[in-house]
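Here is a short note for someone opening this structure for the first time. The points below can be read in order.

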Amino acid sequence: MPYSHTLEERILHFRWYGIITREDLQTFGKNMPGLVAQLGFNPDILHTFEELEGHKFQPLVVYMFSLLRKRAQIPQPTKSAAVATTPETRSLARLFKACNHSPNLTIEVFDSIEAARAWLQKA
């Protein structure tokens, strides 16, 4: 899996690296509900891509992933911030934002980790 994660207070921080494949997205989607259940609360999410080398999937895969994620019930409003500092990561993050169909999930894309954390911490 090309990511690691840490819990930072009430923020679940995913650091993506290497090359992301379609299978990685599917596994991430399947594992996320169990990870949140283990925490015992609904965290906000921070994605960073400093070590990302690229991805091996077509944009349609993001749309399909978003439809599957829509089926997973998010019990309360959740924020997901993506810090994207390169043209490739910005376009990928914006694609995920545009394809978001989850009613309790708000996705925003930021140029800096400071701006992303400030948005996540706002009530």
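1. Helices (H or I, at least four residues) and strands (E, at least two) are taken here as DSSP runs, numbered from the N terminus. The model is predicted. By that naming, histidine 47 sits in strand 3, which covers residues 44-56.

2. Is histidine 47 buried or exposed? Its relative accessibility is 12%, so histidine 47 counts as buried, the cut-off for buried being under 20%. Leaving out residues up to four places away in sequence, histidine 47 touches Phe14, Trp16, Phe28, Ser80, Ala81, Ala82 and Val83. With tryptophan 16 there is also a polar contact between the two side chains, at 2.9 Å.

3. Tryptophan 16 has its own list of contacts. Beyond its neighbours within four places in sequence, tryptophan 16 is in contact with Pro2, Tyr3, Phe28, His47, Thr48, Phe49, Glu50, Glu51 and Leu52.

4. Next, the nonpolar interior. In soluble globular proteins, nonpolar side chains tend to be buried together. The largest nonpolar core here has 23 residues, and the members that touch the most others are Phe14, Trp16, Leu25, Phe28, Met32 and Phe57. Two or more core residues come from each of strand 2 (11-21), helix 1 (22-39), strand 3, helix 2 and helix 3. Helix 1 gives the largest share, 5 residues.

5. Which residues make the nonpolar surface patch of about 350 Å²? They are Leu60, Tyr63, Met64 and Leu67. Tyrosine 63 belongs to helix 2, residues 59-71. Tyrosine 63 counts as partly exposed because its relative accessibility is 36%, and partly exposed covers the range between the buried limit of under 20% and the exposed limit of over 50%.

6. How many salt bridges does a search of the whole structure find? The search finds 4. One of them joins the side chains of arginine 117 and glutamate 8, at 2.8 Å from N to O. Arginine 117 is in helix 4 (residues 113-121) and glutamate 8 is in strand 1 (residues 3-8), so this pair ties together parts that lie 109 residues apart in sequence. Arginine 117 has 25% relative accessibility and therefore counts as partly exposed.

7. Another salt bridge is formed by the side chains of arginine 90 and aspartate 111, at 3.9 Å from N to O. This pair links distant parts of the chain, 21 residues apart: arginine 90 is in helix 3 (residues 87-98), while aspartate 111 is in the loop between strand 5 (105-110) and helix 4. Aspartate 111 counts as exposed because its relative accessibility is 57%.

8. Glutamate 108 and lysine 97 also form a salt bridge, with their closest N and O atoms 3.0 Å apart. Since glutamate 108 lies in strand 5 and lysine 97 in helix 3, the pair ties together parts 11 residues apart in sequence. Both residues count as partly exposed: glutamate 108 has 25% relative accessibility, and lysine 97 has 37%. Elsewhere, salt bridges with shared partners join Glu8, Arg15 and Arg117 into one network.

Conventions:
Residues are numbered from 1 along each chain as its sequence is written. This is a predicted model: local features need pLDDT of at least 70, side-chain atom pairs count only at pLDDT 80 or more; totals for chains, interfaces and linings use all residues. Side-chain values use heavy atoms; hydrogens and water are left out. Patches are made of residues with over 30% relative accessible area and no salt bridge: like charges are joined within 9 Å, nonpolar side chains (Val, Leu, Ile, Met, Phe, Trp, Tyr) within 5 Å. Accessible areas come from the Shrake-Rupley method with a 1.4 Å probe; for residues, only the protein chains shown count as cover. Buried means under 20% relative accessible area, exposed over 50%, partly exposed in between (1.4 Å probe, protein chains only). A polar contact is a pair of N or O atoms within 3.5 Å; within protein, one must be able to donate a hydrogen and the other to accept it, and residues adjacent in sequence count only if both atoms are side-chain atoms. Contact means heavy atoms within 4.5 Å. A nonpolar core is a set of buried Ala, Val, Leu, Ile, Met, Phe, Trp, Tyr and Cys residues joined through side-chain atoms within 4.5 Å.
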